[in-house]
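Reader: Hi! Could you walk me through this structure, one topic at a time?

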Amino acid sequence: MFALIRKVPPISGIGLRILPLLFVLPLIAEEDGLEEIIVTAQKVEQNLHDVPISVSVVAGSFIEEAGANNISDLNGMSPNVIFQAMAFVHNTANISTRGIGFFDTDPFADQKTQVLIDGIPHARVTGLGHDQIDIKRIEVLRGPQGTLFGRNSLAGTVNIITRDALENAGISTRVAVGEYGLGKIVFSADSGEVINNSLRARLTLSTRNYDGHVTNSFNGNQLGAQDSNSLRLKIGHNMTNVGSTLTYYQIGEETYGIPTSNLTQDPYGRLDGDVHLISLDNDGFNDSSEAGITLLSDIDLRAGTISIAANSHDSDFLLYTDLDGRAGTLPPAPGRNPNLRVNIGFDIDHAQDSLEVRFHDAHSNRWDYVAGVFVFREKSRRLFYQNIGPPFSATLDFKDAVLTTIAKQKTASVAAFAQTDFRLNEQFILVAGGRLTNDEKTANVGNYGLPPPAPQRPPIILENTTTWNQPTWKLGAKYESTESLMWYATISTGYKAGGFTSRATVSENVGPYEAEYVRNHEAGVKANVFENRLRLSAAAFFADYKDLVGWVRRTNSTGRGTEPVYENLGNVGINGLEFDSTWLVTPNLNVDFSIGLLSAAWESFMVDLNNDGIVTDNSHLDILMAPDLSAYGALRYDATLAASTLEFRLDARFQSRYNTSGESNDELYYRPATTLFNGSVTYVWGEDGNSISLFGRNLSDKAAPRKNQQTSIFPVAVYEPPRVLGLELRLNY
């Protein structure tokens with residue numbers, strides 16, 4: 001741990017840039033202190049103070065007032081966590097938790113930080129970047145959650161919880177306009193309690209348009225333009241001992257163009273003096289949609305509570321983009337394939353069904369336990385298209401692209417789990433839990449190559465079924481020295497099943513690769529002091545990851561290039577510190593602060609990384625998406641004006657320099673130390689809480705690279721959006 005502290009830059013060196021600092025949840029304070037925060041981090045509703053896990057919570061009201069639209073807008077708000085969109089794909093979410101991340105749209109590959117919506121796992125990263133509406137709160141659980149949340153909670157878990165239908169009938173409207181053609185309308189209607197106060201419903205509709213902030217000087221188009229539409233219908237029903245919620249949701253998004261740099265011609269995106277000005281001969285598009293239905297039910301019995309969580313979800317995802325970086329007839333810069341045009345598309349269909357049934361008993365003075373079973377089924381299909389232009393196709397358009405690969409996968413997962421708190425006395429509680437998971441995957445990959453006059457070869461077809469069985473467990477204790485002070489220590493494990501690579505064009509590149517496993521040791525403290533006006537939490541941890549999976553490059557079917565293939569790379573050791581606080585300075589002033597320190601390094605990394613047939617020690621490479629230091633700060637001040645209120649918010653998000661590729665320590669692939677500022681001023685009036693807000697994101701107009709990565713042919717850079725100012729009106733009836 002001392003090595004970690006020596007490695008991280010002094011905090012005082014950045015203090016002036018990130019203060020005043022904030023934890024994550026701007027709270028409306030009462031005269032007697034901070035409001036209680038309720039979370040479901042252990043599958044039941046609990047006070048955040050009582051949960052022996054490092055957890056951050058983002059309030060839905062803050063998300064709205066900050067002008068945030070999707071999960072990538074939350075980047076920097078939770079210590080040691082990164083939320084970003086993929087370089088080429090707007091509506092995906094790349095998440096790195098404590099230095100362990102996942103950054104691919106491959107429908108065969110599982111995430112390493114599980115994302116849940118209302119407790120339901122969202123298996124693929126495609127769609128996670130869609131606009132999220134009607135958010136009540138977002139819980140970010142750091143560290144493996146293998147016992148209660150299971151598969152793909154290797155590094156952590158994010159649970160997005162939506163608003164329930166209200167008791168009283170009403171209508172709410174939010175209208176926002178801003179720079180770069182931003183326009184957004186959100187409409188919500190509540191039925192109130194009807195039919196003997198047993199039934200209530202809430203309908204929310206949302207539409208957002210954005211013209212994009214990257215200009216294509218080759219054809220004058222704006223890249224990254226979006227058209228997003230969402231619908232969520234939530235129906236709640238209560239009987240004597242049964243409470244149920246049925247939710248139907250539907251999301252669609254169309255994006256024009258891929259706002260990346262000029263790739264091989266200008267990998268840094270700076271030669272023309274403007275990182276948001278590029279020149280490409282094919283802008284591409286990204287269309288996606290998803291829909292599903294969720295049933296949540298709690299049945300209260302004398303012995304305890306039975307909870308049911310069921311979901312059926314379908315999504316479609318189509319992308320086509322230019323990857324060679326050419327500007328018209330100009331050739332790309334020298335590289336591995338200097339004369340190759342690369343225009344690709346992929347069409348992904350995904351369907352999943354899940355069911356969880358669990359029993360919770362809290363009637364005993366000593367025992368408090370939850371036990372259950374989880375069943376998951378999934379089907380994924382990926383169609384891969386390629387277009388390298390004349391003479392192989394009439395144009396470079398998607399309509400003339402050739403279907404070269406069809407990849408299909410079926411997944412079946414079954415798990416049984418249990419976790420209990422056993423109270424030895426009034427102050428000391430033991431925690432123990434376990435989970436047994438069985439994952440079976442069947443993959444079918446058919447690669448057919450390009451039609452004549454391209455060189456011909458026999459089709460490559462692979463079929464494989466592989467099963468992984470893995471127990472995960474948790475042991476720990478918490479000590480409640482006073483009502484306002486709790487200490488805890490835990491050892492927890494996480495697991496992610498092995499799998500296959502859908503993009504492979506050669507049989508041996510398909511896989512399978514083996515499962516990943518982590519053991520995490522953590523100790524922490526949570527406190528409410530100064531008459532509940534200061535809330536503190538701190539945690540120290542170290543984790544050992546075994547058989548971590550990542551990309552390597554292997555020869556593709558043409559023999560002229562390479563393709564990214566998943567393999568088990570080696571073992572990683574990570575340790576760090578996390579600190580959160582929120583301080584009610586006065587009834588009108590709330591100041592929060594969070595900071596994360598991280599030290600991540602390869603313990604072993606012996607692979608043929610560069611496809612030269614030689615296995616080398618690559619442990620000198622930096623772990624990608626693992627900044628040594630991250631900090632988040634904000635303040636909120638409320639000024640009372642007669643029957644109205646003026647609210648001021650300002651937040652700062654700092655992340656130190658970190659590698660965004662993992663394949664090279666070349667300076668090109670690093671995001672420099674960056675501080676981003678966001679703020680809002682809101683005027684609230686009337687008994688219904690009507691308001692108008694002026695909000696701004698990236699107030700200092702920082703032109704910082706969000707992600708630099710190496711593709712199979714060239715590097716590519718994606719930058720933070722420029723400063724965006726907007727105005728939002730909220731009316732309630």
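Reader: Thanks! Let's start with Ser693: which residue is its bridge partner in β41?

Author: In β41, Ser693 has Glu728 as its bridge partner. Helices (H or I, at least four residues) and strands (E, at least two) are DSSP runs, numbered from the N terminus. Before we go on, this is a predicted model, where local features need pLDDT of at least 70, side-chain atom pairs count only at pLDDT 80 or more, and totals for chains, interfaces and linings use all residues. Residues are numbered from 1 along each chain as its sequence is written, and side-chain values use heavy atoms, with hydrogens and water left out.

Reader: Good to know. How many bridges join β38 to β41, and which way do they run?

Author: Seven bridges join these two strands, β38 and β41, and they run antiparallel. Strands count as a pair if DSSP finds at least two bridges between them.

Reader: And what about β11 and β41, how many bridges there?

Author: Seven bridges join β11 to β41, and these run antiparallel. Glu728 in β41 turns up here too, standing opposite Ala176.

Reader: Is Leu727 buried, partly exposed or exposed?

Author: Leu727, which lies in strand β41, is partly exposed, with a relative accessible area of 39%. Buried means under 20% relative accessible area, exposed over 50%, and partly exposed in between (1.4 Å probe, protein chains only).

Reader: New topic: how many salt bridges does a search of the whole structure find?

Author: The search finds 36 salt bridges. A salt bridge here is a side-chain nitrogen of Lys or Arg within 4 Å of a carboxyl oxygen of Asp or Glu. One of them joins Arg151 and Asp110, whose closest N and O atoms are 3.7 Å apart. That pair links distant parts of the chain, 41 residues apart: Arg151 is in the loop between β9 (135-142) and β10 (156-162), and Asp110 in the loop between β6 (100-102) and β7 (113-117).

Reader: Are Arg151 and Asp110 buried or exposed?

Author: Arg151 counts as buried at 5% relative accessibility, and Asp110 is buried as well, at 0%.

Reader: Nice. What about rings, how many aromatic pairs are there?

Author: A search of the whole structure finds 14 aromatic pairs. Trp367 and Phe422 make a tilted one, with 4.5 Å centre to centre and 45° between the planes. Because Trp367 lies in strand β22 (residues 367-387) and Phe422 in strand β23 (residues 402-423), the pair ties together parts that are 55 residues apart in sequence. Rings of Phe, Tyr and Trp (its six-membered ring) pair if their centres lie within 6.5 Å; planes under 30 degrees apart count as stacked, over 60 as edge-to-face and the rest as tilted.

Reader: Which residues form the aromatic cluster?

Author: Phe285, Tyr320, Tyr385 and Phe398 form one aromatic cluster.

Reader: Last one: where is the cis peptide bond?

Author: The peptide bond from Gly511 to Pro512 is cis, with omega near 15°. Pro512 sits in the loop between α4 (507-510) and β27 (516-529).

Reader: Thanks, that helps!
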